[in-house]
Every structure is written in structure tokens, then in C-alpha cells.
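Trainee: Before the questions start, please show the sequence and the structure.

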Amino acid sequence: MSLQLFDTYTRQVRKFEPLNPEEVGIYACGPTVYDYAHIGNLRTYLFQDILRRTLEYAGYKVKHVMNITDVGHLTSDADTGEDKMEQGSKRTGMTAWELADFYTEAFRNNLTALNILEPHIWCKATDHIQEQIAFIEEIEKHGFVYKTSDGIYFLSQKLNDYGHLARLNIDGLQAGARVEQGEKKAITDFALWKFSPQHETRQMEWDSPWGRGFPGWHIECSAMSAKYLGDFFDIHCGGEDHIPVHHTNEIAQNQACRGTTLANFWMHGYFLQMGNAKMAKSAGAFIRLETLQEQNIDPLVYRYFCLTAHYRTQLSFSWESMEASRVALNRLYRTCHEWGEAGEADASFLSKYESFIYNDLNMPRATALIRDLIRSDLPNAVKKATLLQFDKVLGLDFAHWEPVIEAIPDAIKALAAARESAREAKNWAEADLIRDQISAAGYAVEDTAKGSRLTPKP
Ligand code: AMP
Ligand code: ZN
């Protein structure tokens, strides 16, 4: 069965074939570390984790590179406004450097809590200033740059297929945007290097052949992906918002001086929505993983919730759906736990599972297959082994789940004892009444071969 993936560049589901059979290269645009990640950002990293795990399940060795944007991402995509890091520094009182370390650590903790496999290489934009300067010099040699009063810009019109990734309507954009354009020659031109403001000292600035300043946002990903994965690698991913600006500009930079579109596949995760709006850091109020945890929602419940939607569809967050996912996942954990020891996995279920995951990561279908597995008449040991195989990609950690043994309050134990006595006396109506009371108090009473058992309800 071959792995098929959707490529945004060609707008096609294509067969995945590694460029180098020894190792598949993935570059993922990482967070801008001026604030905590929200659960929308984390949905994008969950999608990338499913992608990586699917490649590994298929037998490939993966080299996963993720950058940390700790300089140069401005508040406006039009290369105006403040650097988000300098802004975050004013907001928190930390230096821009402390801010970057603090939010990088918080982000990494979020990934761990979501059971997202750690990238093999983390690379920070500020650790690669010389590589970025060298890349801009190369673009300059090819005649693609010009200078304005605030920086060095990329001449997008010199490329004949600028904007292909996003199918940009350049004339339409140009017609609508005279004011924002400023000194730029075209609205789609973008900053490669920005000069430090004359009467302001930035915390993060460097000397360059063009003057003291800092790199534009897009150049870091061209320079670092080339350094760690080469000029043309297998898969580049990010969120859907990266298609029209950030990734379009990364491609332009590479086309100008390396003649490649960076990656064989461009893959994008669609947004998590809050009602009809996208969840955004800049919108102020946003939900973090910790916000869910405060409401007793385990990070893996959020992971499960994300698996119920295809990565190329938007997903709406609500507390009701979070609760529904919590109940559903706990039921699965409990069932799997009760299956006991694992035996041999079932080949026919595995092959169905693979047909879903290899079909552009169809996780909703793959996840729904668990219900068929539970309903099947396979022996429990086979079911268990099969689910543990599925879990290599699902990443829900079925192997380690244990029921929480909560202290049962004495009053509930007394009710259970009264119910036992009613049953012994064959007073079934009384026994049922007591069971309802126990249930209303949030506990379930189960009659097993070894007597009745009390458990908190899932
Ligand atoms: P940022 O930290 O803003 O650079 O974003 C980090 C990642 O999260 C990028 O890949 C974005 O495309 C992605 N992203 C931003 N907002 C959302 C959202 N609401 N849902 C899913 N992904 C998002
Ligand atoms: Zn990037």
C-alpha cells in the first residue's frame, strides 16, 4: 500500500516517494516565542506529529527539523509594525532573550504533554544570523533585491511564477493595496533585512553588509532548512495561514538563488476555530493547553479531539465537544485496559487501518476503526495487540493508561452495602432504586463474578 499525501503546491494528492531512501526530511515552521502557544497552534503540531508517525510506521527514518522564531516576525505581514519579540518584552518586562527562552520552554512542555515526538533538530533564528545574511547576499547576487529607507526588499515581480503556491491573484492584490505598499515596488515584495529604527535601540540587532538591523521573518526558514536538510527536501509543513505569505516568500527566496521550491511536498494544517473566528495569539483571549487542564481535560483528550477531524478541514472548539471527547477516550482506555495482556495483532484490521492513514492521513476513519475493532468477535488479546499497533500513530498511549483509583466516599459505600443486602433479600426494586442513587452521585456499580464493584463514572 503506498502512502498518498496532499501537496498544496500542485493541489494534488500524490504518491509519496522519498528523495533519499535513507532518510525523509521534514521542516516544520515552529512557534514565534513571544507568548504561550494556544491550542490552535498545537493542532498544527499534532497534525505534523501524525505525519511523522505515519512515515515512521511506513518504515521510513525521518529527520524532523523545527525552527524557533525568536526575531523578525512583525505584527503586520506587510513588514510594518513592531517586532513581536520586542513587543512581548515590553508586555512582560522580560528581555527579548529571556522571553524567547521562557516561551520556548513552555512550548516544548506542551509538545511533551501532547505526546508529540520531539523534533531531531531545533534551530533558533537568532543562532543563524550569519546563515541568513549569506542567503540574502546570494539573492542579491542574482539581482533580486533593492533598498528602501527601512530595509532590503525582495523584488517579487522578477520571478515569473511568484505566488504559485497560494494561486495568488497578483493584479488583484496590487489594485487593492496602494496605501500599504509604502516604498515597496510591488505589494508582494517583502523584507529580507530591516534596519534598526534610527532613534530607538533594539534588544536584538546585528551588523550586516547593508546596515545594522535584523532579518525579515521568511529568510530564517530558507536559510535553516537549507542548512539542515539541503536545497530540496521531502516535506515542508505549517498552518494554512502560511500559504499566501510566509511559505510563498520562502519559495520565492529559494527560487531566486537556488532554483528550487524547497520541498517536494508542501503540507498545511487547517485552523482551529472558536465559533466563526480563528483562534489567534494576537486576538488576546485564547485557550492554552493549561486552560484545558484546569478544567480536568487531559492533553491527550485534546489530541483525541483533533484526531476526529481531518487535518485539511477546520475544526471548531467547544467545551461540549471537549467533554464528549473526554468521555469517549476514557471509555476506550478502560476497554483496552480490561482486555488484559496483548497477543498477536489482527492482519486484516491492520491493513484497513493502513489504508486510512496512508490515504492522506485520514485519522477520522482510522480512529472510527477502533469501534469496529471493539465490536468484532476477535479475542481480547488480539484486539489489544491491534489497538497498540494503531497507537503507534494515534499516540494516545493506550499501553500506559491505568484507572484512577479514587477514594470512594463512605456514604456511597454504605449505599452499595444496602443494595447488596436488598439483592440478597431478592428485593430487586429496592436494589434498583439504590443503584439510581449511587449513579446520581456520580458512581457506577457493576456486578461482576467477584461481587459488585464501585467506580467513579467516566
Ligand atoms: P506562530 O507561533 O504564530 O508563528 O504560529 C505557530 C503555528 O501555528 C503556525 O504553523 C501557524 O500556522 C499555526 N496556527 C496559528 N493559528 C492557528 C489556529 N487557529 N489553528 C491551527 N494552527 C494555527
Ligand atoms: Zn517558516
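Mentor: Ala106 has its place in a helix.

Trainee: Which helix is it for Ala106?

Mentor: Helices are DSSP runs of H or I with at least four residues, strands are runs of E with at least two, and both are numbered from the N terminus. The run that includes Ala106 spans residues 96-113, which is helix α3.

Trainee: What kind of model is this, and how are residues numbered?

Mentor: This is a predicted model, in which local features need pLDDT of at least 70 and side-chain atom pairs count only at pLDDT 80 or more, while totals for chains, interfaces and linings use all residues. Side-chain values use heavy atoms, without hydrogens and water; chains are lettered from A and ligands numbered from 1 in the order written, and residues are numbered along each chain as its sequence is written, from 1.

Trainee: Is Ala106 buried or exposed?

Mentor: Buried means under 20% relative accessible area, exposed over 50%, and partly exposed in between (1.4 Å probe, protein chains only). Ala106 has a relative accessible area of 14%, so the class is buried.

Trainee: How far apart in space are Ala106 and Asp35?

Mentor: In sequence, 71 residues separate Ala106 from Asp35. From C-alpha to C-alpha, the distance in space is 9.2 Å.

Trainee: Which residues coordinate the zinc ion (ligand 2)?

Mentor: Donors are N, O and S atoms within 2.8 Å of the metal (3.2 Å for Na, K and Ca), and sites may look incomplete because water is not among the atoms. Here the donor distances run from 2.0 to 2.8 Å. Along the chain the donors follow the spacing C-x191-C-x24-H-x3-E. They are Cys29 (SG), Cys221 (SG), His246 (NE2) and Glu250 (OE).

Trainee: What is the geometry of the site of the zinc ion (ligand 2)?

Mentor: Four donors are tetrahedral if all angles lie between 85 and 135 degrees; four are square planar and six octahedral if opposite donors are over 155 degrees apart and all others between 65 and 115, and anything else is irregular. With angles of 74 to 129° among the four donor atoms, the site is irregular.

Trainee: What separates His246 and Glu250 along helix α8?

Mentor: Both residues are buried, His246 with a relative accessible area of 1% and Glu250 at 0%. They are four residues apart in helix α8 (residues 243-257), so the separation is about one helical turn.

Trainee: Which strands stand at the edges of the open sheet of five strands?

Mentor: Two strands pair if DSSP finds at least two bridges between them. The order is β5-β4-β3-β10-β11, with parallel pairing. Two of these strands have a single partner each, so one side of each is left without a neighbour in the sheet: β5 (121-124) and β11 (263-269).

Trainee: How are α10 and α11 oriented to each other?

Mentor: Axes are lines fitted to C-alpha atoms, for helices over the stretch in contact (heavy atoms within 4.5 Å), and angles run from 0 to 180 degrees between N-to-C directions. The axes of α10 (residues 299-307) and α11 (residues 319-338) come within 9 Å and cross at roughly 100°. Angles under 35 degrees are roughly parallel, over 145 roughly antiparallel, 65 to 115 roughly perpendicular and the rest oblique. α10 is therefore, relative to α11, roughly perpendicular.

Trainee: Which residues does Asp83 touch, not counting those up to four places away in sequence?

Mentor: Asp83 lies in the loop between β4 and α2 (84-92). At 2% relative accessibility, Asp83 is buried. With that sequence limit, Asp83 touches Val71, Gly72, His73, Leu74, Arg202 and Phe214.
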